[in-house]
Amino acid sequence: MITRRVLTALGLLALTPFPGTVRAAAGGPRLGSPEPMDLDRLNDLARSLRDRPYAPPQEAPAAKALDALTYGPLQEIRYPPGRALFADNPYPVTFFHLGNFFRHPVKVFALEGGQAREVLYSHDLFTYPAGNPAKDVPDGAGFAGFRFQKAPAGQPGDDADWLAFLGASYFRAAGDGQQYGASARGIAIDTAPGPGRTEEFPVFTRFYVSPASEGAVTVLALLEGPSLTGAYRFIARKAPHVVIDVACTLYMRRSVERFGVAPLTSMLWYAEGMSRFLASDWRPEVHDSDGLLMQTGSGEIIWRPLNNPPRLSVSAFADRSPRGFGLLQRDRSFDHYIDDGFEENRPDIWVEPQGDWGQGSVQLVEIPTHQETDDNIGAMWVPADPPQAGEERSFAYRLRWPVQEPVATDLARCVATRATKGSWLAETDRRPGRANLVRQFMLEFEGAALAGLDPEKAQIVLTLSRGSAEEVGATWAPYGKPSPWRVFLKVYADGPDPVEMRLQLKAGDRLLSETWAYRYDPEAPGTVL
């Protein structure tokens, strides 16, 4: 299983050699013979492979050596900046070494002037400390993936990268705070599958990488999996934050249950308002993202705080022609994490569909976890009419990786969601059998739309999928400022089934806030504020 901790570590390796490193001769990678390649040719290749039997990717030789290349030994391996592909380009390309977590080599080609030349793996391209088990990986084994460096060798930033492709169809970009966090994927197939099915992980098997031109880098990628093949084009720019334009055509080998377009993955162990008993840890919060933001086709802005649920959970938000969706790290205060991992700097990922995506739903998948090393959060667009065997589907979208809110609005944002049961309940709520049915929520909203208004006169529009709510009201937060506001409500719900909740703030006909959406699971542990 590819874990978040492994991706974070390998995506942020320094590239300076260790003392005692065995160095090879200076120089970049050798290239193979040229062959014509462009996006049309890549689509032809993907289409032709769709009509052939699926061939799973072959593991690199020297299995014992790969077994030994776990987290620690992999961190010791370096790819020196001076040996980069396109070494003199503003964004040179360096490569990831195979290891225990990344056992299937990918082919990488240098693409210039319509001609592709394979980048030939050589043991001498990397540097290794004495005794590192990589010495037993044979020459020609191949690369695990690649990344774009921030500067040519010898310049500030040559030891840091800003865009990386590593593992299955995963890729991700560093945010303004020089941090990696959530990841994107090429496609998600049967995520959170029904009985008798398992999730499929298609793999990028070939990459065609072009040198940076006019500030942008271009990557073509071939996707292969049991259910489909695909041809992708990524055009990425680094400033002011990373923006990636994605275009893809998918060729279906067979029908699938859940066809996830523009999928995103992240990690949430626990956040504010969640039980600290979920974790034996000293940190107040541990997460790469804390909410799903959506802007629907009609313009409604919906904020859905993330959960670490007691069981696998899938929430679907039906829409037509969505304007955008993404996983955000809305909490940007170091004091809320107090961790040297600086989670407050994790970038958001925001998807902007290009063209009409039609009818479907943004789906949020939440998987229970008891550790921070698992990517347990997924978000994607699922068309209402998933493609059938033999079909072709094309999609285009823009990915943004900012640390600022991706949607400009004066509407108030929900900046905290907290829940409690037990100590705050009235005596009537503490009667035997009743305390398990009630949960008190406290939400905090802030934004320009609340300025000059009295929260006690605001209209709170609340809907529940089941159960009832009482004691719903708003008040000032005790911060001595015109905002934020606090909104309180008690929810009563008998039985274990989840309760889907939505809430908006209004002043007459005027909308004051985004829509807060939440999935309250009565079986989830509560917390005392």
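Predicted model: local features only at pLDDT ≥ 70, side-chain atom pairs only at ≥ 80, totals over all residues.
**Entry 1: charge over rings.** I started at Trp282 and found Arg283 over the face of its ring, 5.8 Å from the ring centre. I then looked for another case and got Arg330, which lies over the face of Trp303 at 3.9 Å from the ring centre.

**Entry 2: back to Arg283.** I checked what else Arg283 does, and it forms a salt bridge with Asp281, with the closest N and O atoms 2.8 Å apart. Are these two buried or exposed? Both Arg283 and Asp281 come out buried.

Entry 3: I picked Arg50 with Glu392, whose closest N and O atoms are 4.0 Å apart. This pair links distant parts of the chain: Arg50 sits in helix α2 (residues 39–50) and Glu392 in strand β25 (residues 392–401), 342 residues apart. Arg50 has a relative accessible area of 13%, so I put it down as buried, the cut-off being under 20%. Glu392 is at 40% and counts as partly exposed.

**Entry 4: strand to strand.** Next I followed Arg398, whose side chain meets that of Asp245 in a salt bridge at 2.6 Å, N to O. Arg398 lies in strand β25 and Asp245 in strand β14 (residues 242–252), so the pair ties together parts 153 residues apart in sequence. Arg398 is partly exposed at 26% relative accessibility, and Asp245 is partly exposed at 28%.

**Entry 5: rings.** How many aromatic pairs does the structure hold? I got 32 aromatic pairs. I opened Phe441 with Trp516, an edge-to-face pair with 6.3 Å centre to centre and 65° between the planes. Phe441 is in strand β27 (residues 438–446) and Trp516 in strand β33 (residues 515–520), so this pair ties together parts 75 residues apart in sequence. Phe441 is buried at 1% relative accessible area, and Trp516 is buried at 0%.

I went on to Trp476 and Trp485, which are also edge-to-face, at 6.3 Å centre to centre and 90° between the planes. Here Trp476 is partly exposed at 38% relative accessibility, while Trp485 is buried at 0%.

**Entry 6: a cluster.** Last, I wrote down one aromatic cluster whose members include Tyr91, Phe146, Phe148, Trp162 and Tyr232.

Key: Residues numbered from 1 in each chain as written. Heavy atoms only, no water. Helix = DSSP H or I, 4+ residues; strand = E, 2+ residues; numbered from the N terminus. Buried < 20%, exposed > 50% of the residue type's maximum accessible area, 1.4 Å probe, protein only. Phe/Tyr/Trp six-rings, centres within 6.5 Å; stacked < 30°, edge-to-face > 60°. Lys NZ or Arg CZ within 6 Å of the ring centre and 35° of its normal.
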